[in-house]
Structure formats: structure tokens, C-alpha cells
Amino acid sequence: REAGDHKHRSRHLVSLGHALRKSGDETGALPVLYEALSSTNSKIERADAQSALVECLLDMGRSEEAQELCEEALQLYVTELGAGHPLSIHTRHLRCRVLMAADRHEEL
């Protein structure tokens, strides 16, 4: 099986992106996370990649770029898993961080 055909390619790419980001290599993590986003048809894996991208973009001070990704991830998690699911709650927290970083406190 080719690496690109791996069933959980997106999940592995998200894990790699997290590891790169946490090691301080946000610039290296970004293309890996965008690849994760484009390599899945699963709604949950898409939301996972979007959420990881939001964290990376926030670390890079790019909150405006993170906002749409965050809103999409939150909508997917709430629709697929429910508002009370830990991933939905975590992404609501990310949304607050995005809005605060963008100085949009009135939308909190």
C-alpha cells in the first residue's frame, strides 16, 4: 500500500503537525496540517485538521486566518458529535482564543 493511500493518513498528518508545532516549528507544521485537511473526506477528521490548524495559526499570530477554520470545525463537531462532546467544548475554547487574539471581545 502506498503511503498516500493509508486509511488514516489525515490522522497521522495531524499528529505530525501537532508534534512539529509543539516543538516550535509552526512553519513546518502548517503545510502538513493543510495536507491533512485536503486528504480526508471524513467530517470528523476534517474538523480535527481544522482545529489543529487553528492552534498553529494562533501560535503564529494569524488569528484572522484561523477564524473561518475554527467556525467550520466547531460546526462539524457540534453537528456530528453534539455540543457537549469534549471536542466541541475544546473548539469553543479555541474560538474564544481566536476572537480574543483578533480583539473581537464583543463576539465572545
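Me: In this predicted model, is Gln-50 buried or exposed, and how is that decided?

Reply: A residue is called buried when its relative accessible area is under 20%. Gln-50 has a relative accessibility of 0%, and therefore counts as buried. The residue is found in helix 3, which comprises residues 43-59.

Me: Which residues is Gln-50 in contact with, beyond its neighbours within four places in sequence?

Reply: With those neighbours left aside, Gln-50 is in contact with Leu-37, Leu-69, Glu-72, Ala-73 and Leu-76.

Me: How many residues of helix 3 are buried, and what covers them?

Reply: Helix 3 is mostly covered, with 12 of its 17 residues buried. Among them are Glu-45, Ala-47, Gln-50, Val-54 and Leu-58. The covering elements include helix 1 (9-22), helix 2 (26-38), helix 4 (63-81) and helix 5 (86-101).

Me: What span should helix 3 have, and how far apart are its end C-alpha atoms?

Reply: The expected span is 1.5 Å times one less than the number of residues. For the 17 residues of helix 3 this gives 24 Å, and the end C-alpha atoms are 24 Å apart, so the two values agree.

Me: Where does the backbone take a positive phi just after helix 3?

Reply: Gly-61 does so, with a phi of about 75°.

Me: Which residue other than glycine has a positive phi?

Reply: Asp-103 has a phi near 55°. Most residues other than glycine have a negative phi. Asp-103 lies in the segment after helix 5.

Me: Is Asp-103 buried or exposed?

Reply: The cut-off for an exposed residue is over 50%. Asp-103 counts as exposed because its relative accessibility is 56%.

Definitions and conventions:
Residues numbered from 1 in each chain as written. Predicted model: local features only at pLDDT ≥ 70, side-chain atom pairs only at ≥ 80, totals over all residues. Heavy atoms only, no water. Helix = DSSP H or I, 4+ residues; strand = E, 2+ residues; numbered from the N terminus. Buried < 20%, exposed > 50% of the residue type's maximum accessible area, 1.4 Å probe, protein only. Contact = heavy atoms within 4.5 Å.
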